[in-house]
Amino acid sequence: MNNCQNQLSSENAANGGLWTDALRRLGRRKAAVVCFVVIAAYFSLAAVVHLAEIFDWKPAIIRYNQQVGTAYERPGLQHPFGTDMFGQSVLRKTLYGAKVSLTVALCASFISIIIGISLGAMAGYFRGFIDQAVTWVYSTLSSVPYILLILGFAVVLRNRSILGLRPSGAATACIAMGLTSWVGICRLVRGEVLKRAKSEYVLAAESYGCSSFRIILKHLMPNIFHIVIIDFCLRFVRFVHAEVVLSFLGLGEQSGCSWGMMISDARLELLRGVWWQMTAATAAILLISLALNVFGDALRDCLDPELRIQ
Amino acid sequence: MYIIKRLLYTVPTVVGVLLLTFVLFTVIGGDISGSIAGEHASEQTIKEIRHEYGFDKPLFLSFDSQFVNHVKSAFTFSFGRGIDREPVIDKLKRGLWPSLALTVPMLLGVTIISLTIAIILALVRGSVWDVTANIICTAGMSIPYLSFILFGQYFLSYKWGFFPVYFSPELPMAQYAALPVIIGIAAGLGANIRFYRTVILDEIHCDYVRTAFAKGLGAGSVLFKHVLRNAMIPIITRVLSAMPYLCLGSVLLEKFFGIPGLGYLVVDAVAHRDYFVINAVTFISAILFVVFNLITDICYAAADPRISFE
């Protein structure tokens, strides 16, 4: 009897929920595990820099604007990634840049995902007029080329006070990216909710009087949340890259240091043969993007092999 | 009947784009007469400029309101004058050809090369080559676009001198456009190869392929006569959806190589807060997008009788 129960429970564990199952399959892929470690390392680095700023610690590693040598020293033992125009350590700048770049991308992802999920779920669940309105808004937004849209938002929002606050360059970039790129996730969520809104469990929840809000949040969301997670991984990469472009065009972070600023600073240095700042920033972006791309693909294969997000 | 209905469905989108550009550049962007006049302009000058550009008119609710003028200028494709008082439409006409010289070869090159590689990869799927190529493609997708441009410009033209570094009007078009085109193709390959490979692999798993092999057809014949024809729909969709962007040019490539196309115009307009130019480019590209969408849908309906309007 006991044995039987054990067997049952181990079988249950083997075919546990979607998430347990997916995690088990992810764990078997070495590449995915390595990528996850890389992503975790990047985020903890950004978190450490944030904490250090809040609590006013001054570890050497985040004092990026300290002069440590002469200008344009080649990479060597003392300065592993060399120094920049002001004699600042490129290694420190790269590490510090993770904070701005990742925070901008993270905030932009949250803004766009929150807008996308709420509009998409409402459109898919309530249909009718709301659906038409949401579809109208996103088909309008998606008919404008992405880069123009984001530039338009960024240039209009720059140096402007919003509700009495004056957002910094990075915050403007976040808002511009977030407000312009929720269309993809909105479409996906709307489609999934539309498909599931007629299933029995939703009908059951409706019949014992759940509010629409509760049905969307407690019954529908858990069933489509894996799509959001997968989309998040791939979206995040796009935002890191978009931050570079915005910084280059002078629409991103103005003070401080981000990978985008490093690349746009390095543009003129490159012609003088100073390749290290450029290479360091590129490598930093390449590593996190590669990790997120591979991890996102693995996640998609494990969670939802049918799904295609481009 | 289908065409007429589909045509009617574009009306809300066009209205949406008009509203969006109006809200962005006129309501939020607002009165930029101060920055047009320059820093040390007198009250009187600013007032005159305000009147000249019509910033003193009411926003809505009048025959001569800013909104009516906005719609009027969009449908007559006049778009008024930019902040340097040159008619915007002249600027656009001037920029169109250099942009097309850049983007048309880029689209052709990317599509042909990545389709060829994708077919080869689909044939050897699962092999070492396939896995390696997949990793390289993902890495290529993960490198920021700016890094492609900067390193390409540095190595190929500055250091090794294969191409002119910068645009100059005396050079023939083929010479100055070559390097940006190559860089654009290189940057686009990763994502495109992966897309086309998935498309072809999707088809290869279908039943008709097994049937064709069972009949005793060779791999080449199955691939080109059966698989590729069926894979044509997503391929054509992707190419057609890239069409409207052709006219827009490539913002970053044009900026770096000094090619006086539409992308350069946009970057310039962003730097000078010339909302008139951004507005015009946004509207025109949105219209192109809508038109090409319409063409795609009509082509589908013509090609596939199962498609009808719901």
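Author: Helices (H or I, at least four residues) and strands (E, at least two) are DSSP runs, numbered from the N terminus. This is a predicted model: local features need pLDDT of at least 70, side-chain atom pairs count only at pLDDT 80 or more, and totals for chains, interfaces and linings use all residues. Residues are numbered from 1 along each chain as its sequence is written, and chains are lettered from A and ligands numbered from 1 in the order in which they are written.

Reader: What pattern does chain B follow along the sequence?

Author: Chain B has 13 helices and zero strands. Read along the sequence, its pattern is therefore α-α-α-α-α-α-α-α-α-α-α-α-α.

Reader: Is B:Gln175 buried, partly exposed or exposed?

Author: B:Gln175 lies in helix H8 of chain B, residues 173–204. A residue is buried if 20 or more other C-beta atoms, placed from the backbone, lie within 10 Å of its own, exposed if 12 or fewer, and partly exposed in between. B:Gln175 has 13 such atoms within 10 Å, so it is partly exposed.

Reader: What share of chain A is buried?

Author: For chain B, 34% of the 310 residues count as buried. Chain A also has 310 residues, and its buried share is 44%.

Reader: Which helix gives the most to the side of chain A that touches chain B?

Author: Two residues are in contact if their C-beta atoms, placed from the backbone, lie within 7 Å. By that test, 32 residues of chain A are in contact with 38 residues of chain B. H5 (128–142), H6 (146–157), H10 (212–248), H11 (259–271) and H12 (276–303) of chain A each supply at least two residues of the chain A side. The most, eight residues, comes from H12(A).

Reader: At what angle do H9(A) and H10(A) pack?

Author: Axes are lines fitted to C-alpha atoms, for helices over the stretch in contact, and angles run from 0 to 180 degrees between N-to-C directions. H9 of chain A covers residues 200–207. The axes of H9(A) and H10(A) are 11 Å apart, and the angle is about 145°.

Reader: Which residues of H10(A) make that contact?

Author: H9(A) brings A:Tyr201, A:Val202, A:Ala205 and A:Glu206. From H10(A) come A:Ile215, A:His219 and A:Leu220.
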